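Here are some friendly notes to read alongside the model. Please keep the viewer open as you go through them.

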Amino acid sequence: MNPYLIDFPILQEKATEKRLVYLDNAATTQKPLSVIKAVEEYYRASNANPYRGLYQLSVKATQEYENARHTVNEFIGAEDDSEIIFTRNATESLNLVAYSYGLPFLQKGDEITLSVMEHHSNLVPWQMVAKAKGVKLNFLYPDATGHFTDEEIEKKITQNTKLVAVTYVSNVLGTVNPVAKIIDTAHSAGAVVVLDCAQSIPHFPLNVKDLDVDFAAFSGHKMLAPMGIGVLYGKKMLLEKMPPFLTGGEMIEYVYEQDATFAQLPQKFEAGTPNVGGAVGMAEAIRYLQKVGYDTIQKTESELLAYTLQGLSGIPHVTVYGDTASTRNRCGVISFNVDDVHPHDVATILNEDGVAVRAGHHCAQPLMRFLNVNATCRLSLYFYNTKEDIDIFLESLKKVRGWLGYGA
Ligand SMILES: Cc1ncc(COP(=O)(O)O)c(C=O)c1O
């Protein structure tokens with residue numbers, strides 16, 4: 001029995017007629033009761049518009065919001081609370097860097113290095129910068145097992161590279177990328193590094209100071225927190241020289257008819273009324289994650305990953321993408337296809353058994369093209385999953401081709 005299952009009310013509910021087997025954790029994670037309660041408690045006892053009110057309740061809301069910022073700061077080892085910018089999600093965090101760093105500081109002839117496995121959120125914003133500024137985009141390509149070699153990194157990050165934006169963990173292949181090597185190579189070339197941590201922070205600790213990364217982006221909802229809250233970490237000296245991204249209330253100092261000056265960090269980047277309830281939920285999610293511990297999370301997931309890969313290898317007509325031989329430098333995200341069956345059909349049939357997996361291009365169309373497929377099915381694990389979940393998934397998957405009239 002997984003001791004954490006009991007903390008997640010939704011996992012006690014039935015999907016269709018069957019127990020919910022939730023294997024779409026890379027899309028979003030389920031929420032523990034403590035997070036649900038913390039958000040509820042905020043709305044019951046502390047809700048007010050922060051910063052604006054001089055009355056007690058507004059001061060309380062401001063304190064809760066700033067306490068949440070401090071919790072995030074300590075969680076990722078930043079230097080100062082002002083380096084933590086609350087956003088809506090990783091997508092907004094990455095856009096913030098593209099628009100407020102990429103547009104003003106990159107010039108025609110500069111180059112950006114991305115990887116072919118980027119989520120569209122860490123690709124399309126850079127395409128906008130490239131088009132606006134005449135910047136060239138270069139791409140890292142993985143080897144046959146889904147990993148970037150040192151040679152590839154050294155070839156694609158050069159003296160012309162001014163910015164490197166890569167994902168820590170692939171949302172399709174589960175590959176854990178060699179970010180220390182990438183950051184080191186980028187800094188030697190004088191480039192700044194933007195790390196997309198959306199898929200890493202649910203599974204691995206992030207210490208921005210140890211990594212010496214310049215920017216890091218992640219979403220709350222993939223790490224047990226509510227939807228609608230995300231984080232951008234940025235080194236203070238970079239954030240300070242960047243112009244605001246969104247403008248309006250809360251982010252100003254003085255406003256005149258024709259001009260305005262801007263607030264200090266982090267308010268400069270937090271225009272409008274913030275998601276205080278979301279930030280409170282994120283702080284509680286961090287406390288919960290710390291209670292479980294990344295060691296437990298990794299141990300549970302890596303056992304389940306090995307078990308799932310082993311099970312899949314015994315089912316004919318199933319192709320698994322990425323590294324199938326080893327669970328090293330690999331997270332519990334598995335993309336696969338069944339011969340002759342569209343991934344949407346696979347996911348629909350699995351749903352009949354209560355199994356929730358994702359099917360499609362996973363917002364990573366360039367990677368789909370690189371893998372020579374239009375789409376895949378994707379199973380993604382978290383520490384509250386069990387071997388029983390995997391057994392139900394495998395048994396259901398075995399039935400897929402038969403349902404559609406194909407032989408075994
Ligand atoms: C690697 C990666 N980056 C960025 C995102 C975007 O996250 P969000 O939709 O929460 O902004 C995702 C979402 O799946 C992702 O997997």
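**Notes on the core, the domains and the ligand shell**

1. Let's begin at Ala 216, which touches Ile 76, Leu 195, Cys 197, Leu 206, Val 208 and Tyr 233, leaving aside residues up to four places away in sequence. Touching, or contact, takes C-beta atoms, placed from the backbone, within 7 Å.

2. Please keep in mind that this is a predicted model: local features need pLDDT of at least 70, side-chain atom pairs count only at pLDDT 80 or more, and totals for chains, interfaces and linings use all residues. Residues are numbered from 1 along each chain as its sequence is written.

3. The largest nonpolar core has 119 residues, and Val 193, Leu 195 and Ala 216 have the most contacts inside it. Such a core joins buried Ala, Val, Leu, Ile, Met, Phe, Trp, Tyr and Cys residues through C-beta atoms within 7 Å; buried requires 20 or more other C-beta atoms within 10 Å of a residue's own, all placed from the backbone.

4. Where does this core lie? Domain 1 (5–23 + 294–403) and domain 2 (35–289) both give residues to it, so the core lies between them. The bounds come from an automatic or database domain assignment.

5. The centres of domain 1 and domain 2, taken over C-alpha atoms, are 28 Å apart. In contact are 23 residues of domain 1 and 21 residues of domain 2.

6. Around the ligand you will find residues including His 119, Asp 196 and Ser 219, each with its backbone-placed C-beta atom within 6 Å of the ligand.

Terms used: A residue is buried if 20 or more other C-beta atoms lie within 10 Å of its own, exposed if 12 or fewer, and partly exposed in between; C-beta atoms are placed from the backbone. Two residues are in contact if their C-beta atoms, placed from the backbone, lie within 7 Å.
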